[in-house]
Amino acid sequence: MKAIIHAGEGGLKGLNYKEIMDKRPGIGEVKVRLKAAGLNHRDLFIMDARTKQDVPLIIGSDGAGRIEAIGEGVLDHKVGEDVIINPCIGWEHTDNVPNVPAIVGGPSEGTFAESIIIPAQNAISKPAYLSWEETGVLPLSALTAYRALFTRGRLKKGEHVLIPGIGGGVATYAMMMASAVGARISVTSRSETKRQAALAHGADHAFDSHSNWKESMKGDTVHLILDSIGPATFPHYFDIIKPNGRIVTFGASSGDRIEIPTRAIFFPQISIIGSSMGSSEEFADMLQFMEHHSIRPIIDRVYPLQDTVQAFHRMQQGEQFGNISIRIE
């Protein structure tokens, strides 16, 4: 079968489209013939961290397709069933804190391939109202947004949420989910095109990330901030967050180290909360939420599997609004 393999050197230079050996599912596993997959920034981080000594890796975490083979002991699936891949293996909540995530498919198998073998419990019925391309980009980004907004951020109807750096998959899912529950939404971006797109998809207010945030908000303040950027925007948050507000951080695209004004936290009693991915239970809740509110992923562009490198270049340059999809024929 054909697949996108990462080997030989770090970054995008290590990607190649090639033929690899096909396999059969083992005990408790199913083989899924993939129809579509989705890009995540996680894929870029993994490739950047890999070296020449690492074993070849099929990139990709998101995907959807049709079951074409079933391993021994699998009773709750059948050949021909349309499924979405739940990327969470072994995530269970203990006092609302999930353990360390494992991505589906083990260390060498990802979703940028014609087929994938996964544990049967990670094959979930495909949402019937979504296309293959929409389903294929759903898992990681939508799950991350759902957990950050509702499990960790405790967003409620009527509250005001700020989503800095609108454009990527997690941010656009969070915007649509927040709109669905009746929250007010402000977003930032350096791009006027992205700001206008956000307003067209449910945001109430959009302003330039490089502006004076307090002036741009015109004295308004927010209950919740979803931070995926880190040091480039973090200092601005304390100018526009309400007392008892929450900052949920789930990314660090501008770096890992931030300086926090301590008095700006304890006087107004601000909560800074970490979040990442989600559990299998949250994955099921997220799918139910999406279907109940008829939320459809925003598809930026669709690329064929053999053009995955070009798709990653678009993501790396931050050009997309929404999710980048890979069509697998």
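Over which ring does the charged end of Lys-2 sit? Select Lys-2 and Tyr-17: the charged end sits over the ring of Tyr-17, 5.5 Å from its centre. A charge counts as over a ring if NZ of Lys or CZ of Arg is within 6 Å of the ring centre and within 35 degrees of the ring normal.

Some ground rules before moving on. This is a predicted model, with local features needing pLDDT of at least 70 and side-chain atom pairs counted only at pLDDT 80 or more, while totals for chains, interfaces and linings use all residues. Residues are numbered from 1 along each chain as its sequence is written, and side-chain values use heavy atoms, with hydrogens and water left out.

**Stop 1: the sheet**

Select residues 2-6, strand β1. Helices (H or I, at least four residues) and strands (E, at least two) are DSSP runs, numbered from the N terminus. Of the 5 residues in β1, 4 are buried, so the strand is largely enclosed by the rest of the structure. Buried means under 20% relative accessible area, exposed over 50%, partly exposed in between (1.4 Å probe, protein chains only).

Two strands pair if DSSP finds at least two bridges between them. Ile-4 has Tyr-17 as its bridge partner in β2. Tyr-17 is also the residue whose ring lies under the charged end of Lys-2.

Together the strands make an open sheet of 3 in the order β2-β1-β4. β2 and β4 are the edge strands, each pairing on one side only.

**Stop 2: the second largest pocket**

Keep Ile-58 selected. Ile-58 is among the residues closest to the centre of the second largest pocket, along with Met-1, Ile-20, Met-21 and Lys-23. A pocket is found on a 1 Å grid over the protein atoms alone: an open set of points where a 1.4 Å probe fits, with protein on both sides within 12 Å along at least five of seven lines; lining residues have an atom within 4 Å of a point. This pocket holds about 200 Å³ of space. Its 15 lining residues divide into 9 nonpolar, 2 polar and 4 charged. β11 (115-119) gives the most to this lining, with 3 residues.

**Stop 3: the largest pocket**

Select His-41, Phe-45, Ser-228, Ile-229 and Ser-253. Of the 48 residues lining the largest pocket, these are the closest to its centre. The volume is about 1,400 Å³. α1 (41-49) is one of the elements that give two or more residues, and α1 gives the most, with 6. By class, the lining has 20 nonpolar, 24 polar and 4 charged residues.

**Stop 4: aromatic rings**

The whole structure has 9 aromatic pairs. Show Phe-150 and Phe-289: the pair is tilted, 5.3 Å centre to centre, with 50 degrees between the planes. Rings of Phe, Tyr and Trp (its six-membered ring) pair if their centres lie within 6.5 Å; planes under 30 degrees apart count as stacked, over 60 as edge-to-face and the rest as tilted. Phe-150 lies in α3 (139-152) and Phe-289 in α9 (280-292), so the pair ties together parts 139 residues apart in sequence. Both residues are buried.

Next, select Phe-207, Trp-213, Phe-234, Tyr-237 and Phe-238, a cluster linked by ring pairs. Finish at Trp-132, where the charged end of Lys-126 sits over the ring, 5.3 Å from its centre.

Conventions:
Points joined across faces, edges and corners; volume = space filled by probe spheres on them. Nonpolar A, V, L, I, M, F, W, Y, C, P; charged D, E, K, R; others polar.
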